[in-house]
Amino acid sequence: MTAEDPSGFVFAAERRLYRNVGLDASGNETALPWEIVAVAERSTALRPGEVRREAIRLPLPPMPGQRLRLRAVLSYRRLPADEPLPMAEAETTAVMRR
C-alpha cells in the first residue's frame, strides 16, 4: 500500500508478505508446493476464496488540505526470484485533515 501526492511522490509505503508454508508427508515444513500435503500453522498464504481484511497504518507527516492517492496492489510470485505478477489493485483519494 502506498500514499502518494498528485506528482507521484510516495510519502509512505507498507508491504505485507503472504507466504505459503506447508508440511510434507513426514510432517516437516516445506515451501515447495509439490511436497505440501497439509498447511503449516505459520502459513500466511490466502486460501482459495478467502477474504481477509487488513488494517494498515501509514505514518504521514502533517499535511492539512493535501490530497493523497492511496493505492493497494496484490501481487503473486511463484518463486522468490520471479517478478511479481499484479493480481488486483484498488485506489482512492483522500484529503488530509489537521
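Reader: What should I know about the model before we start, and from where are residues numbered?

Author: Welcome! This is a predicted model, in which local features need pLDDT of at least 70, side-chain atom pairs count only at pLDDT 80 or more, and totals for chains, interfaces and linings use all residues. Side-chain values use heavy atoms, leaving out hydrogens and water, and along each chain, as its sequence is written, residues are numbered from 1.

Reader: What volume does the largest pocket have?

Author: On a 1 Å grid over the protein atoms alone, a pocket is an open set of points where a 1.4 Å probe fits, with protein on both sides within 12 Å along at least five of seven lines. Points are joined across faces, edges and corners, and the volume is the space filled by probe spheres set on them. For the largest pocket that comes to about 1,600 Å³.

Reader: Which element gives the most to the lining of the largest pocket?

Author: Lining residues have an atom within 4 Å of a point, and the largest pocket has 37 of them, with Arg16, Leu17, Tyr18, Leu74 and Ser75 nearest its centre. Two elements give two or more residues to this lining, strand 6 (67-76) and strand 7 (85-95); strands are DSSP runs of E with at least two residues, numbered from the N terminus. The one that gives the most, with six residues, is strand 6.

Reader: How many charged residues are in the lining of the largest pocket?

Author: Asp, Glu, Lys and Arg count as charged; Ala, Val, Leu, Ile, Met, Phe, Trp, Tyr, Cys and Pro as nonpolar; and the others, Gly among them, as polar. By that sorting the lining has 22 nonpolar and three polar residues, and its charged residues number 12.

Reader: Is Leu46 buried or exposed, or in between?

Author: Leu46 sits in the loop between strand 5 (38-39) and strand 6. Buried means under 20% relative accessible area and exposed over 50%, with partly exposed in between (1.4 Å probe, protein chains only). Because its relative accessibility is 37%, Leu46 counts as partly exposed.

Reader: With which residue does Arg16 form a salt bridge?

Author: A salt bridge is a side-chain nitrogen of Lys or Arg within 4 Å of a carboxyl oxygen of Asp or Glu, and the structure holds seven. For Arg16, the closest N and O atoms are 2.5 Å apart, and the partner is Glu54. The pair links distant parts of the chain, 38 residues apart: Arg16 is in the loop between strand 2 (10-13) and strand 3 (22-23), and in the loop between strand 5 and strand 6 is Glu54.

Reader: Which residues are linked in a network of salt bridges?

Author: Glu91 forms a salt bridge with Arg69, with 3.2 Å between the closest N and O atoms. That pair joins strand 7, which holds Glu91, to strand 6, which holds Arg69, 22 residues apart. The network is made up of Glu4, Arg69 and Glu91.

Key. Helices (H or I, at least four residues) and strands (E, at least two) are DSSP runs, numbered from the N terminus.
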